[in-house]
Amino acid sequence: MADLSLSRPHSGCSAKTAPEIRLTVLQRIFGVWRQRQHLDRLDAHMRRDIGVTDAQVHREVERPIWDVPTTWRL
């Protein structure tokens, strides 16, 4: 039977394999979606506390899931 472990490669391996890169990208995409959903659920008082308007929240939540800052990308 094939070994299907999701463990990271040995510490001596520096290059990521294609499945690891895909998993990392999927984790980031899901993280962006989750953060935007939390932002959308904040009440007006909490939004004021962090300094964002309802319009800014609406724009952020409506962005495509893959639309993230370039610094977040691999």
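So, Arg63: at 28% relative accessibility, this residue counts as partly exposed. Keep in mind that we're looking at a predicted model. What does Arg63 pair with? Its side chain meets that of Glu60 in a salt bridge, 2.9 Å from N to O. Asp67 also forms a salt bridge with Arg63, and there the closest N and O atoms are 3.2 Å apart. Asp67 comes out at 29% relative accessibility, so that one is partly exposed too.

Okay, back to Glu60. Glu60 has a salt bridge with Arg36 as well, with 2.9 Å between the closest N and O atoms. Here Glu60 sits in helix H3 and Arg36 in helix H1, so this pair ties together parts that are 24 residues apart in sequence. Is Arg36 buried or exposed? It's buried, because its relative accessibility is 7%, under the 20% cut-off. Glu60, at 24%, counts as partly exposed.

For the whole structure, the search turns up five salt bridges.

Now the helices themselves. H1 covers residues 18–41 and H3 covers residues 54–62; their axes come within 9 Å and cross at roughly 150°. That makes H1 roughly antiparallel to H3, and the crossing is left-handed.

Who's touching whom? On the H1 side we have Arg36, Leu39 and Asp40, and they meet Val57, Glu60 and Val61 in H3. By type, the residues of that contact split into three nonpolar, three charged and no polar.

Definitions and conventions:
Residues are numbered from 1 along each chain as its sequence is written. This is a predicted model: local features need pLDDT of at least 70, side-chain atom pairs count only at pLDDT 80 or more; totals for chains, interfaces and linings use all residues. Side-chain values use heavy atoms; hydrogens and water are left out. Axes are lines fitted to C-alpha atoms, for helices over the stretch in contact, and angles run from 0 to 180 degrees between N-to-C directions. Helices (H or I, at least four residues) and strands (E, at least two) are DSSP runs, numbered from the N terminus. Angles under 35 degrees count as roughly parallel, over 145 as roughly antiparallel, 65 to 115 as roughly perpendicular and the rest as oblique. A crossing is left-handed if the near helix is turned anticlockwise from the far one by less than a right angle, and right-handed if clockwise. Contact means heavy atoms within 4.5 Å. Ala, Val, Leu, Ile, Met, Phe, Trp, Tyr, Cys and Pro count as nonpolar, Asp, Glu, Lys and Arg as charged, and the others, Gly among them, as polar. A salt bridge is a side-chain nitrogen of Lys or Arg within 4 Å of a carboxyl oxygen of Asp or Glu. Buried means under 20% relative accessible area, exposed over 50%, partly exposed in between (1.4 Å probe, protein chains only).
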